Amino acid sequence: MRCRADFNTPISWMVKNPVVANLLMIFLLAGGIFMLNYVKQEVFPDYERDEVRIRVSYPQASPTEIEKAIILPIEEAISSVEGIKRFRAVAREGSATVDVEAFRGYDLQTLQNDIENAIFRIRTFPKEAEKPIITKRSYERRTISLILYGKSDRVSLYKYALKVKYHLLSNPKISKIDIYGLSPLQISIEIKNDILRKYGLSTKDISDIVRANSLELSSGVVKTPRGEVILKLSQRGEKPIDFENIPIITTKEGKIVKLKDIAKIEEVFEDEDYFAFYNGKPAIRMEVRNPQSFSPIEISKIVDEKLQTAKEFLPPNLNLEVLSSGADVFEDRVKLLLKNAALGLVLVLITLSLFLEPRLAFWVMMGIPISFLGSFLLFPILDISISMISLFAFIIALGIVVDDAIVVGENIYKYRERGCKPLNASVLGAKEMAVPVSFSILTNIVAFMPILFVPGVTGKIFEAIPLVVTAVFVISWLESIFILPSHLTYSVKKEKLSFQKRFSKAFRRWVRFSFGKFLNLVLRHRYATIVLFLSLFVLALSYALSGRMGMQLFPDTEADYVRAYIRLPAGSDVEKTKEAVLKLIKSAQELKKSIDRGDELVKGIYARVGRGGANSAEVRVYLADPDIRKEIMSTLEFGKKWRKRTGKIEGVETLQFFSSASVGAHGSPIAVELSHFDENVLKKTAQMVAQSLKNYPGVFNIDAGISSSKEEIRFVLKPLAYILGFDAQTIAREIRGRFYGYEAQRIIVGADEVKIMAKTPLKERKLLYYFDNMYLTTKDGNEVPLLNLIDIRWNYSPMEIIRKDGKRVVTVEADIRPRSKALEVLNDLQDSVLKEIKKEFPSINYSFEGRQTEMRENLSSLKFSFIISLAVIYLLLAIPFKSYIQPFIVMISIPFGIIGAILGHLLMGYSLSVISLFGIIALSGIVVNDSLIMIKFANEYREKFGFSALKTAKEAAIQRFRPVFLTTLTTFAGLMPMIFETSRQAKFLIPMAISLGFGILFATFITLILVPSLYIIIEDIRR
């Protein structure tokens, strides 16, 4: 055998200079360890949505008024802005929100600037509307949730919450703390209607007087002999006491009536109907957010220390606790993934030790830590963080990364066994495999690339996977071609362990004779073999496409709390909402008592009332950590029992329970969006769809999407009003001033913007009696009843108006168990009730939105990018083969790998998901590697010895059986702990591991049986 090697190549230079190879290895290992300290750490990767949000506050305005006065002008203004994919507008009482989604890749800053320019050119916004707030939407990490609660009034509680906030922010590593459970603070100046009448005043008069007497104004500079002296009026009020002595009027007797004499001045919250409580006591929730440069665990330690000192200045009636900690989640999930990685590493090492000599197995295994740690050097360049997703990417790469080292090491030992000197064997073996190994790594990288181009939130979360595996594969290529040959040349030779020696010989003998005999049979019946595999492929694909396996965006992932959402009819008083919430809390507490170890399971109950209006609320039951829930009760089971125990609450319009965590996309699994110009048609069709959904098993939380209406008084001026000198604006503003108030001024107190509002007392604003008996003052000072000046009529106003791309829409939403059946239900809806609706109302339009929107876009993107990746893989294979046909032989294993992925899902009891498809697509690059090397071996073998296609194909399969079998086992062994993981925390990642693991397992049969058969069939055709 020829053992002369060319020593004028980079590979031979590295082999002859072991110091360089060792220094490179040390650099990758030490550099990676060093870089670990500077890589950001987080549970999920930070991402920025491809959206710009426009928010406009228009206090007290109805949704109908907001639609006309705010949303329609905004839609018209942004219609000509470039880069907009779609937009969605929501009008609620007092506010308008427009979410503008950009095309993927369009610069969001440019879009935001263009939208700002378009919006600020609008001149028709009502005077009472606030300035539009335009922001880019981004996902902000919540490291720790804190809860401050106790027997206290809400203003005092807020003041202590601010103290806690600034106490925590005193540490520079904590960048932001958000406060929830209350509306903005304001200084309220309340004057009763009878007092206003007594002194002939209005809320506007009070507002004007306060504004004129509460200010801070520079009055110039006096240049004195001693120097310049600044003149400044400093009379701006910041606390209620600062406004008490403002003079309002002077009586005929010469007495000055001060503000405190006629008004109640106090700090209140802007929205009195929005509040929260925890375990039955008033509460404020705080979210601690941290910058990317600090790990959640580090921030958690800082917060724990700060909380101990914070409790020193809190009164005994207040409690400050950690509600949930992202640091605990991060630590638990990192431990989970590291445990799986460690188990996978052990299984890979055991597998290698069985088939390879100990030192070869050791140096092949060393490729894993070298590749993994070395890849951290590329993390800052690729902007990758250490997160649950990136750690999962390492598990994916665990078994794959040793494939190249196995192939190179095997080839080097092949030359050693044939009598070549160690130096020559290493150079020849590495050089011979350099091209196929390089191209196999390239095909691996290309196969993962479609994941990088997935649109939406899903793509932003999972883009770390292709980036991480690319970094690992690049370092792996460097290690297997330049470092491994040097180590195998100069490592001290030892005798093989007797067991490994016997096993290796027995295995080779089995391959040569037993497998060889079976292969002879297969190759003689090669056409039957092709038909068999094609039948299997068609059968598996047909079963998957039939819908029996189901399809969803993400597998269900258990949340750390159960959430109940409640909505009463529009216009319901907040006290009625609170009563319904207390019933929910009571049923949760009863359930807690009925459960063995219930006190250990339930951490606390948090309720938030009035966030979406006085008629809506949310209750969360926070549960213990996953390990404890596993022993006592799952979140899903607790949610079911809570729903059953609660039953029906009288007067409640909507009651929904949620126990799954949202990963990535938001929205309901079932969401049918209807669009029509006639509002009555929209309501009727929405009710038809909602009613139809009740007939499907497993469907719950059905919401027809029809916004309930609130009573509305509409009025127009009588002729008398004009005769007495009133106009429409004067009367409308006076009524608004009485029932909403007049803003005297805005001041900055600390970091908060505080409004100074003049208004009537809450009691008078809640009773129509004061509207019916309201008096206005004419220009000559006479009083006239309001009802003499206006004609009124009762009407109804919707609580919410939703528009999409300039049209009103209604969305019927529902949840389903299992969620993988959502698509099956939607398809049936399309063939039944939606078809009937379309016949009855031809102009109605419908679409499937919510999670289906992102899934539809993800599937479309994967389909296109997968075709591109296949084309690139073909090009990469055609180059080393120098053939147009042989790449197809190699690539035939790609579709057959899908059989293994589908069978794996069926075996493990998982439905298909977009994450499953990520694994199937990535599989396409991995399964071709063994076929690539086998076909290249066959070509060289046939060219060298001139054997027939039959003998060549058989010899190629036998010679490459061990490396093919070994690479398959190591890949599956690396993924096996993750595939069989029972923890609910990693459930949404498991389908990708199943696709890869079982796909590569099945692809082994493809490589060893189907590829040799196709090789001979091609020769048959040529003849």
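The model is predicted: local features need pLDDT of at least 70, side-chain atom pairs count only at pLDDT 80 or more, and totals for chains, interfaces and linings use all residues. Residues are numbered from 1 along each chain as its sequence is written, and side-chain values use heavy atoms, with hydrogens and water left out.

The structure holds 27 aromatic pairs (rings of Phe, Tyr and Trp, the last by its six-membered ring, with centres within 6.5 Å; planes under 30 degrees apart are stacked, over 60 edge-to-face, the rest tilted). Phe379 and Phe394 are stacked, with 6.0 Å between centres and 15° between planes. Phe379 belongs to helix α12 (residues 379-382) and Phe394 to helix α13 (residues 388-400), 15 residues apart. Helices are DSSP runs (H or I, at least four residues), numbered from the N terminus. Phe379 is buried at 0% relative accessible area, and Phe394 is buried at 6% (buried means under 20%, with a 1.4 Å probe and protein chains only).

Phe462 and Phe918 meet at 65°, centres 5.6 Å apart, so this pair is edge-to-face. Phe462 sits in helix α16 (residues 456-462) and Phe918 in helix α34 (residues 914-945), so the pair ties together parts 456 residues apart in sequence. Phe462 is buried at 0%. Phe918 is buried too, at 0%.

One aromatic cluster takes in Phe507, Trp510, Phe515, Phe961 and Phe965.

Notes: Helices (H or I, at least four residues) and strands (E, at least two) are DSSP runs, numbered from the N terminus. Buried means under 20% relative accessible area, exposed over 50%, partly exposed in between (1.4 Å probe, protein chains only).
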